[in-house]
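I opened my notebook to look up a few things in this structure. Here is what I went through, entry by entry.

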Amino acid sequence: MSSEGEKFDTLLHETRRFSPPRAFREQATASSQEIYHKAAANPEEFWAEQARCLQWSNPFTKVLDWEPPHARWFYDGELNAATNTVDRHRQGATKNKAAIIWEAETGERTVLTYDMLGREVDRAAHMLTSLGVGAGDRVTIYLPMVPELVIAMLACAKIGAIHSIVFGGFSAKALAERINDADAHVVITADAGFRRGKVVPLKANTDQALTQCPRVKQVVVVERVGQVEGLTMHQGRDVWWHEMMDQAPATPFAAVPRNAEDVLFTLYTSGTTGKPKGIVHSTAGYLTGANTSCRLVFDLKPDDIYFCTADIGWITGHTYVVYGPLSCGATVVIYEGAPDWPERDRYWEIIERYGVTVFYTAPTSIRTFMKWGPELPSSHRLDSLRLLGTVGEPINPEAWMWYYQVIGQSRCPIVDTWWQTETGAAMISPLPGLTELKPGSAAVPVPGIFTDVVDAKGEPVGPGGGGYLVVTRPWPSMLRTIWGDDPRYRETYWDRFPGVYFTGDGARVDEDGYYWILGRVDDVINVSGHRIGTMEVESALVDDRRVAESAVIGRHHDVKGQAISAFVTLKEGVQGTSELAQDLKVHVAETIGAMARPEEIFFTAELPKTRSGKIMRRLLRDVAEGRALGDTSTLADPAVIESLKQQYEGQD
Ligand code: PRX
């Protein structure tokens with residue numbers, strides 16, 4: 001057995017188990033195993049029942065049409081996503097309930113009730129219409145975590161326009177690429193954003209991006225910071241959000257009914273090639289996944305105060321800051337800034353201030369909090385919390401235990417939710433009132449989801465074995481395609497194991513059927529829960545005329561999960577100096593975004609390649625993680641990796 005395998009078996013052997021606390025179990029929405037049985041016996045009926053929790057302007061009669069790899073769910077029904085997230089809560093008891101509690105990094109606080117949010121969305125929908133945006137048009141949104149971001153996305157949904165949100169940490173170049181791929185004609189941005197007290201020049205980035213985007217006609221600018229130095233408004237193209245909103249009618253905007261399968265949004269994510277993929281999500285299926293998982297996995301109830309720390313620019317923010325919790329009529333806390341600003345207890349202060357009951361964050365953050373010490377959370381009252389969640393990367397059992405004991409005070413179940421941009425909603429996760437928890441395992445597929453772990457031939461590996469994580473049946477919130485590139489959709493997700501969705505992750509299933517996610521098996525690196533394609537970083541590196549070739553890998557990092565190590569060969573006569581390494585790091589950050597900045601750049605005369613010329617990244621990972629080299633017999637020149645290893649070790 002491999003040493004990895006032995007380590008894993010020891011881990012399983014030592015794993016403690018935690019049953020859901022009685023108090024939690026007794027009030028949980030999913031409180032009987034029956035829900036799993038029902039969903040397994042008739043998945044389509046199960047999902048139809050969940051979809052009926054949404055409000056339909058024209059109810060569906062058809063549930064699923066599955067022509068692999070294309071699924072259509074609830075496809076003769078009509079509904080609107082803004083109606084479902086906002087307008088249906090503007091009647092009755094929830095009308096004046098807080099929908100969003102927003103806290104700025106700078107300390108300002110704002111509450112938007114469902115009715116107030118609805119009025120803003122209506123105005124923004126009128127505004128976008130006046131700018132010529134109609135159903136099916138793409139709108140790129142590049143904003144910080146401000147209420148206008150939620151308002152803009154829901155206004156798009158109300159019109160039937162497709163939003164394409166680009167995380168505010170992305171560079172001008174990355175933004176341009178995404179605007180052009182989506183063929184968006186309208187961009188919504190801000191003058192700037194705040195991050196750790198610094199001003200992030202979003203408008204300047206947008207201006208720079210737009211030099212490459214000739215088809216953009218209109219830019220709407222939210223004034224977040226004010227008096228931003230050097231800000232220029234381009235006549236005829238740029239308008240202020242607040243001025244346009246003032247001019248827009250204050251009358252209700254009639255939601256545009258959308259077919260269940262109409263596109264709600266696209267969201268770009270990294271793949272194994274340099275070009276990011278525009279993941280396409282449908283309206284009804286996506287909302288069904290978001291809403292169902294909020295009810296069953298997050299156990300959301302009318303009196304919950306829910307806080308998810310993800311940025312809305314990522315899928316977690318789409319599903320679990322906006323569409324999921326608002327579709328349940330919950331109160332959502334949105335925090336604009338960094339967890340350590342101005343002090344390292346900012347999250348705990350927020351939890352105490354608003355009485356947060358459900359808290360959802362990433363393992364990287366948890367490991368960072370661990371480093372900062374238990375005194376910070378312990379100096380705040382966290383007894384309002386009743387449920388904790390984690391997402392984005394595997395959580396190590398130590399971090400899990402810390403989260404459980406220090407933040408949850410051994411009272412709150414933890415839902416470790418495995419999912420992806422492509423899956424739209426949580427796929428493998430405990431149900432908090434039902435599932436026994438094992439620290440480090442995402443537990444079992446949620447009801448209505450069918451997963452497996454298979455070998456290279458697609459055969460199930462069975463208990464104890466490791467292999468590729470796949471999803472064996474279609475599910476409502478699955479991606480529908482890749483924007484403008486259906487062949488790539490087939491090839492990436494469906495060609496490897498026909499009829500079965502390939503996740504790109506490795507996993508093991510234990511004797512109890514619990515899934516242990518091992519991380520990506522493709523050329524994607526997961527840095528602090530952010531997906532970065534090795535190819536994207538490599539092409540940014542070879543942009544520099546001094547670089548001949550590069551190979552990028554993810555190596556283990558105690559806090560970030562993985563860190564980027566770049567191996568670079570330089571052109572004849574170029575010296576690998578620390579200044580050059582610094583230049584290259586800055587260049588990668590400017591080309592993609594700060595999260596893609598390599599942790600270290602290592603200059604090497606040659607890269608280890610097979611006889612057919614393929615770079616052996618596995619061996620580079622061995623070098624970067626200080627392990628004995630694996631099998632080198634297929635290398636064209638085994639001396640290359642040996643000397644690289646010596647050089648690398650010599651450097652420490
Ligand atoms: O490798 C898995 C990891 O994050 C990838 C998906 O990244 P992204 O599309 O950016 O979405 C992140 C948030 C849903 C997966 O392929 N991942 C996500 N959640 C977990 C995880 N790995 C282990 N455990 C998780 N709970």
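**Helix H11.** I began with how covered H11 is, and found that 13 of its 13 residues are buried. I keep in mind that this is a predicted model. Next I checked the length of H11, residues 284-296: at 1.5 Å a residue it should span 18 Å, and its end C-alpha atoms are 18 Å apart, so the two agree.

**Ligand shell.** Which residues are closest to the ligand? I counted 17 residues around the ligand, with Asp416, Thr417, Thr421, Arg520 and Arg531 as the closest. By class, the shell holds six nonpolar, six polar and five charged residues.

I then listed some atom pairs. An N or O atom in the side chain of Arg520 is 2.7 Å from an oxygen atom of the ligand. A polar backbone atom of Glu393 is 3.3 Å from a ligand nitrogen. For Asn526, a polar side-chain atom lies 3.4 Å from a ligand oxygen. On its own the ligand has 540 Å² of accessible area, and the protein covers 96% of that. I also noted which elements give two or more residues to the shell: helix H12 (315-327), strand S20 (414-417) and strand S25 (515-520).

**Around Asn526.** I followed Asn526 into strand S26, residues 524-527, where Asn526 points the same way as Val524 while Ile525 and Val527 point the other way; all are buried. S26 pairs with S27 (residues 530-533) in the antiparallel sense over four bridges, and Val527 has His530 as its bridge partner. The two strands form a hairpin with two residues between them, and Ser528 in the turn has a positive phi of about 50 degrees.

Methods. Residues numbered from 1 in each chain as written. Predicted model: local features only at pLDDT ≥ 70, side-chain atom pairs only at ≥ 80, totals over all residues. Heavy atoms only, no water. Expected span 1.5 Å × (residues − 1). Buried < 20%, exposed > 50% of the residue type's maximum accessible area, 1.4 Å probe, protein only. Near = heavy atom within 4 Å. Polar contact = N/O pair within 3.5 Å; in protein donor to acceptor, adjacent residues only side chain to side chain. Areas by Shrake-Rupley, 256 points an atom, 1.4 Å probe, with all protein chains shown as cover. Nonpolar A, V, L, I, M, F, W, Y, C, P; charged D, E, K, R; others polar. Pairing = 2+ DSSP bridges.
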